[in-house]
Amino acid sequence: MADTSIGSPAQLRDPNYTPPLMTAVPLGIQHVLAMFVSNITPAIIISGAAGFGFGSDAGAQGFPDMSYLIQMSMLFAGIATLFQSIGMGPVGARLPIVQGTSFAFIPIMIPLVAGKGVEALPAIFGGVLVGGLFHAALGTVIGRIRFALPPLVTGLVVLMIGLYLVRVGIEYAAGGVPAKAFGKEEYGSLLNWSVALVVVFSTLGLKFFTRGMMSVSAVLIGILVGYVYAMFFGLVTFESIGQSWDRAAAFGLPNPFKYGIEITTAAVIGFCLMSFVSAVETVGDVSGITKGGAGREATDKEIQGATYADGVGTAIAGLFGGLPNTSFSQNVGLIAMTGVMSRHVVTIGAIFLIICGLIPKVGAVIRTIPIEVLGGGVIVMFGMVVSAGVSMLSDVVWNRRNMVIFAIALSIGFGLQLEVMNLKPGSPNALQYLPDTLRILAASGILPAALIAIVLNLILPEELADEATEEVSGGMSGHGKGSLPQEDRA
């Protein structure tokens with residue numbers, strides 16, 4: 001419920017209204033707390049997948065490359081948020097939209113970097129750059145392509161992203177991918193699981209039994225509780241924290257082309273295709289903000305500007321070693337909860353993120369978080385991604401046509417995920433005869449599922465014959481003849 005003591009109802013619904021500074025600063029920091037862990041997690045995951053993150057030899061040098069990616073995640077989330085809140089010509093919605101590093105691209109990036117070390121990063125950043133420019137270009141046509149990405153497609157994609165990521169959460173909670181790969185005895189130990197579960201239950205308790213900033217930043221505080229618990233059992237020590245702190249500079253500027261830029265077919269195709277989904281997600285977030293905060297529909301100019309900002313922010317991040325940015329849905333809910341629509345509040349949060357991104361010592365502290373602690377946090381976060389996909393799918397009218405589309409896309413996409421992820425090195429796999437580019441794109445399962453759902457949704461007739469439906473559903477379609485009215489494609 002909105003606090004009218006900081007402004008009238010009309011002022012609180014106005015994006016251009018600036019609350020008193022004593023209120024605006026805590027509200028801005030609250031936005032950062034709500035997204036902070038989610039924002040830095042992709043950098044940690046990609047570092048681990050590439051082999052220079054937790055559990056790697058890079059630990060002796062203080063994980064310098066992972067720390068840099070974390071630093072860029074904070075810096076360019078802040079810069080991209082400024083594009084949205086302040087605007088720059090046609091770029092930006094000039095609404096309280098918080099940008100952050102996108103989970104959606106992780107399943108595309110992992111096959112590109114898996115076990116290849118820092119040498120694989122140029123291809124990633126080439127994909128980020130081209131994908132960002134493509135994303136920005138979508139702003140000119142976003143209104144005309146939304147028909148191809150209804151909730152059936154977007155919900156399926158978000159669900160698949162979550163299902164891809166939940167395995168990462170379990171591996172982190174058990175002790176990390178390197179510990180698993182090297183067969184360390186402590187992998188899956190009761191101590192490791194206890195650390196992760198402390199984070200999970202602390203997060204749940206804070207989320208449902210507290211209010212205000214404590215509830216909003218439940219994941220972050222849960223990780224802090226787990227961090228203290230891990231210190232008690234010696235998984236992290238004051239000495240290791242001090243060493244990490246001392247290694248890091250007090251101030252550091254981003255380094256353009258630090259890892260170089262390499263344009264590869266697989267990265268470009270993968271990032272461009274996922275940009276469609278990210279763009280539609282941003283449209284939904286913009287609509288959610290204007291409805292929840294101002295009680296109105298988003299204008300075409302706001303939607304176009306938000307899409308431009310998504311793409312431009314991502315492309316610039318790629319030049320400096322940052323990962324793709326997108327609007328963060330949890331902050332949309334925060335605006336609806338507080339009732340404060342001011343874009344200047346979000347600007348304050350963006351400045352706070354930028355300051356953090358320019359101070360490498362912040363990343364130095366983050367990299368001391370034990371992998372088991374982070375595992376507890378990402379179990380919650382990635383589970384919420386799955387829940388978000390299910391929520392989007394709840395808008396679908398589950399007639400027989402849509403059930404068949406969903407079934408085929410999920411079977412192929414999720415089946416590829418399971419088959420490829422469970423392989424031992426050197427084992428034959430279902431994609432081994434595909435060209436390298438197609439094999440990388442298909443390995444996540446998400447792009448095949450999305451393409452199948454899009455194509456079938458566009459070409460299949462509105463109604464399937466009842467006889468055919470009963471045959472393919474094994475009598476489990478759940479609907480009798482004529483039980484649902486005819487509807488639009490969804």
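Lysine 258 lies over the face of tyrosine 68, at 4.9 Å from the ring centre. The charged end of lysine 258 also sits over the ring of tyrosine 259, 5.5 Å from its centre; a charge sits over a ring if NZ of Lys or CZ of Arg is within 6 Å of the ring centre and within 35 degrees of the ring normal. The model is predicted, and local features need pLDDT of at least 70, side-chain atom pairs count only at pLDDT 80 or more, and totals for chains, interfaces and linings use all residues. Residues are numbered from 1 along each chain as its sequence is written, and side-chain values use heavy atoms, with hydrogens and water left out.

Tyr68 and Tyr259 are linked with Phe125 into a cluster by ring pairs. Rings of Phe, Tyr and Trp (its six-membered ring) pair if their centres lie within 6.5 Å, with planes under 30 degrees apart counted as stacked, over 60 as edge-to-face and the rest as tilted. Across the whole structure, 9 aromatic pairs are found. In one of these, phenylalanine 105 and phenylalanine 271 are stacked, because their ring centres are 5.4 Å apart and their planes at 20°. This pair links distant parts of the chain, 166 residues apart: phenylalanine 105 is in the loop between strand 1 (99-101) and helix 4 (106-113), and phenylalanine 271 is in helix 13 (residues 265-294). Helices (H or I, at least four residues) and strands (E, at least two) are DSSP runs, numbered from the N terminus. Both phenylalanine 105 and phenylalanine 271 are buried; this term means under 20% relative accessible area, whereas exposed means over 50% and partly exposed in between (1.4 Å probe, protein chains only).

The rings of phenylalanine 125 and tyrosine 259 are likewise stacked, with centres 5.9 Å apart and planes at 25°. Phenylalanine 125 belongs to helix 5 (residues 121-138), while tyrosine 259 is in the loop between helix 12 (238-247) and helix 13, 134 residues apart. Phenylalanine 125 is buried, at a relative accessible area of 1%, and tyrosine 259 counts as buried at 12%.

The structure contains 4 salt bridges, each defined by a side-chain nitrogen of Lys or Arg within 4 Å of a carboxyl oxygen of Asp or Glu. Among them, arginine 167 and glutamate 171 meet at 3.4 Å, N to O, and both lie in helix 7 (residues 151-174), 4 residues apart, about one turn of the helix. Arginine 167 is partly exposed at 26%, whereas glutamate 171 is buried at 10%. Another salt bridge joins arginine 296 and glutamate 302 (2.8 Å, N to O).
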